[in-house]
Each structure stands twice: as C-alpha cells, then as structure tokens.
Amino acid sequence: MKSGIILAGGKAERFGSDKALAELNGEVLIKHVHSALSESVDRVFICVDSEERIRKYRFLKDDITEFVVDMAEDFSRGPLRGILTGARNIEGEYFLVTSTDIPFIKPEAIDILFKKAQNVEAVLPVWSTGVLEPLFAVYSQKAVERISDYMHRYSTTTGKNPWAIDLIRSLDKISLIEVRNIDSTLGSFININTKDVLESLNYTGAEKADKHVRGNGSDRILENKPASNFFRKGIEYEIRACIDSDKSLYNAAAQYFRKEADFYYRNDILFLAARAGMSEYLCYERAAQLSKNEYSSLFQRIGIRKKKT
C-alpha cells in the first residue's frame with residue numbers, strides 16, 4: 001500500500017496567511033496537491049497542527065483521505081514533526097511526504113519516486129547544485145520510526161529541536177534522483193512561499209525547463225552509512241557533553257560532525273555538508289563558552305576581575 005502525507009501544519013510566516021487556502025487557477029493550493037496524490041497513492045494523510053485546521057480543510061475528506069493532528073512532543077517542530085506523526089499512522093513500507101505549496105506536482109513524478117523505493121531508506125530528488133528536496137520525497141516507515149527515539153533523547157537533553165534535514169543525515173542508504181529525471185519541466189518543484197510569487201505565477205505545464213538548471217542525468221544510490229554513523233556518534237558525544245558540561249566531549253562531537261561534513265563534500269551533497277558543518281560549529285562554540293566560564297571562575301578564585309571598559 002502506498003501512502004502520501006501532506007504537511008499542512010505550518011505557520012506560513014512569509015506568506016502572511018494560511019497558504020494552503022490561497023487560490024491558484026480557481027483552486028486552493030492544498031486541493032492541487034491533494035488531487036495529484038489521490039491519483040498515485042492508496043491513502044492520503046493530511047497532517048495538521050490543530051482541530052481547527054481539520055475543520056478548515058474538511059472539504060478534502062473522501063474515502064482515501066484522513067486527517068492527523070501533529071503529535072504533542074515538543075522535541076521536533078516544523079516539517080519534521082509532521083513527518084514523524086505521519087509515519088506513525090501510515091500503512092505500508094514507504095510513504096511520500098509533500099507540502100501544500102507545490103501545486104504543480106505531476107502524478108507521474110510521484111510514481112517515479114515510489115518505483116525507486118527499493119532496498120533504500122529514502123528516495124530524494126537532487127539538483128545539480130547538491131541541494132535536496134526533503135519535502136517532496138519518499139521515506140521508509142521503519143527507518144523514520146527507528147530514528148524518532150534517539151532524536152527525542154537528543155532534543156530533551158540538549159534543548160535543541162532537530163530539523164527535517166537531520167532525518168536525512170540519520171539514514172544509511174538513500175536513492176538520489178536528478179530532478180529532471182522526475183519531471184523534465186521542473187513544474188513539480190515550483191514552490192510558492194510568498195503572495196508575490198503566487199500573483200506573478202503563470203504556469204501552463206507545457207513550458208520548457210529552466211536552461212540554467214543542469215543535471216548530469218544520472219541517478220545514484222548514496223551508501224550513507226559512514227556519514228550516518230558519524231552523525232550518530234556526534235549526537236551521542238553532544239548528549240554526554242551537555243549532561244556533564246564537558247568541553248572535551250563537545251570537541252569530540254565536533255570532530256565527528258566534521259568527518260560527516262567531509263563525507264558529504266566528497267559526494268557533492270553540499271546541502272547536507274552545510275548542515276553537518278553547522279553542527280560542528282555549534283559544538284565548538286559551546287566548548288569555547290565552557291572554557292570562557294572556566295577562566296572566569298578561575299579569575300574570581302584568585303582575585304582577578306575583568307577591567308571595565
């Protein structure tokens with residue numbers, strides 16, 4: 001059974017109102033997305049953040065569609081919370097995730113993603129720049145459920161909220177599909193983030209793809225286990241560092257995140273390399289803060305005070 005999850009619980013701060021109900025070509029955005037999914041999957045789950053939104057989107061309810069409210073845990077926010085919530089409700093080995101603001105999704109594009117979902121933990125569109133599309137992708141239900149537990153432990157210990165991209169960093173084997181091989185017009189990847197974009201959009205579905213977007217035409221399997229192991233070890237050290245307030249453990253965590261970033265640089269996945277590099281930086285920053293606190297405490301014990309400037 002193929003399932004699809006529409007993430008409809010976002011605040012849409014850049015848009016300024018409920019983006020899902022904005023009109024395009026006589027239909028609200030969420031209806032465009034829902035129609036595409038309904039042609040390609042057996043069940044559609046619309047993940048919302050409140051009962052009020054269920055009432056707003058009730059017109060989408062049909063025999064294959066049901067609503068789920070984001071789980072109450074505070075350790076994840078934004079799209080990741082919706083993905084984790086959806087994974088707990090779907091039936092079948094794989095599920096598609098999409099947002100409400102990509103109204104030109106082609107059912108054929110969805111079919112391609114599911115066909116590539118064999119013996120991998122995710123299928124992700126990738127641009128020639130190394131940028132991934134985590135919110136128009138297929139995920140393994142078992143992999144997402146496995147990751148949820150330690151992400152919860154990480155967040156409750158460190159006070160940080162993992163991102164959707166951190167889910168990808170946790171996966172061992174990923175199928176990367178060039179965007180042109182999913183939709184040659186690139187229409188399935190048009191994203192509406194602001195009202196200006198919505199008002200200026202005049203898309204027919206038949207226009208040529210942007211010539212500035214060039215892919216190498218090849219899909220590949222990313223054996224991501226080395227990077228995901230570095231990521232998990234970095235997480236474990238960061239958790240221990242937070243519990244013990246130990247700068248050496250923060251430094252160790254940073255070194256594992258650096259190894260993770262290097263792996264992604266070598267494999268031209270700059271999207272993930274940047275996030276791993278951010279994790280590295282934040283750990284070194286925290287270690288430096290602990291060192292600063294240690295010196296301040298030492299100075300106070302021996303009677304040295306910092307001069308006022």
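Visitor: Which residues do ring pairs link into a cluster?

Guide: Ring pairs tie W127, F136 and F189 together into a cluster. Keep in mind as we go that this is a predicted model.

Visitor: How many aromatic pairs does the structure hold?

Guide: The structure holds seven aromatic pairs. One of them joins F136 and F189, and this pair is edge-to-face, with 5.7 Å centre to centre and 70° between the planes.

Visitor: Where in the chain do those two sit?

Guide: F136 belongs to strand β8 (residues 136–140), while F189 is in the loop between α7 (179–182) and α8 (195–200). They are 53 residues apart, and the pair links distant parts of the chain.

Visitor: Is F136 buried or exposed? And what about F189, buried or exposed?

Guide: F136 is buried, because its relative accessible area is 2% and buried means under 20%. F189 also counts as buried, at 9% relative accessibility.

Visitor: How are the rings of F230 and Y256 arranged?

Guide: Their centres are 6.4 Å apart and their planes meet at 35°, so the F230 and Y256 pair is tilted. F230 comes from helix α9 (residues 225–244) and Y256 from helix α10 (residues 247–266), 26 residues apart, so to speak of their places in the chain, the pair links distant parts.

Visitor: How accessible are those two?

Guide: F230 is partly exposed, with a relative accessible area of 21%. Y256 has a relative accessible area of 19% and is buried. The cut-off for buried is under 20%, which is why F230, at 21%, is partly exposed and Y256, at 19%, is buried.

Visitor: How do α9 and α10 cross?

Guide: Their axes come within 8 Å and cross at roughly 160°. Angles over 145 degrees count as roughly antiparallel, and therefore α9 and α10 are roughly antiparallel to each other. The crossing of these two helices is left-handed.

Visitor: What about α5 and α9, how do their axes cross?

Guide: The axes of α5 and α9 come within 9 Å, crossing at roughly 30°. These two helices are therefore roughly parallel to each other. Their crossing is left-handed.

Visitor: Which residues meet there?

Guide: From α5 you have R146, Y150, R153, Y154, T157 and T158. They meet F231, R232, I235, E236, E238, I239, C242 and I243 in α9.

Visitor: OK, and how do α3 and α5 pack?

Guide: Helix α3 (residues 79–87) packs against helix α5 (residues 141–158) at an angle of about 120°, and their axes are 9 Å apart. That angle makes α3 oblique to α5. α3 passes α5 in a left-handed crossing.

Visitor: Which residues make the contact?

Guide: On the α3 side they are L80, I83, L84 and A87. On the α5 side they are Q141, V144, E145, S148 and M151.

Visitor: New topic: is N25 buried or exposed?

Guide: N25 counts as exposed, at 61% relative accessibility. You will find N25 in the loop between β2 (23–24) and β3 (27–28). The C-alpha atoms of N25 and L201 are separated by 10.0 Å, although these residues are 176 residues apart along the chain.

Visitor: What lies over the face of W163?

Guide: That is R275, at 3.8 Å from the ring centre of W163.

Visitor: Last one: what does the whole chain look like?

Guide: The secondary structure comes to 11 helices and 10 strands. The protein chain has 309 residues, and buried residues make up 50% of them. Among contacts between residues at least 6 apart in sequence, 72% join residues at least 24 apart.

Notes. Residues numbered from 1 in each chain as written. Predicted model: local features only at pLDDT ≥ 70, side-chain atom pairs only at ≥ 80, totals over all residues. Heavy atoms only, no water. Phe/Tyr/Trp six-rings, centres within 6.5 Å; stacked < 30°, edge-to-face > 60°. Helix = DSSP H or I, 4+ residues; strand = E, 2+ residues; numbered from the N terminus. Buried < 20%, exposed > 50% of the residue type's maximum accessible area, 1.4 Å probe, protein only. Lys NZ or Arg CZ within 6 Å of the ring centre and 35° of its normal. Axes fitted to C-alpha atoms, helices over the stretch in contact; angles between N-to-C directions. Parallel < 35°, antiparallel > 145°, perpendicular 65-115°, else oblique. Left-handed = near helix turned anticlockwise from the far one by under 90°. Contact = heavy atoms within 4.5 Å.
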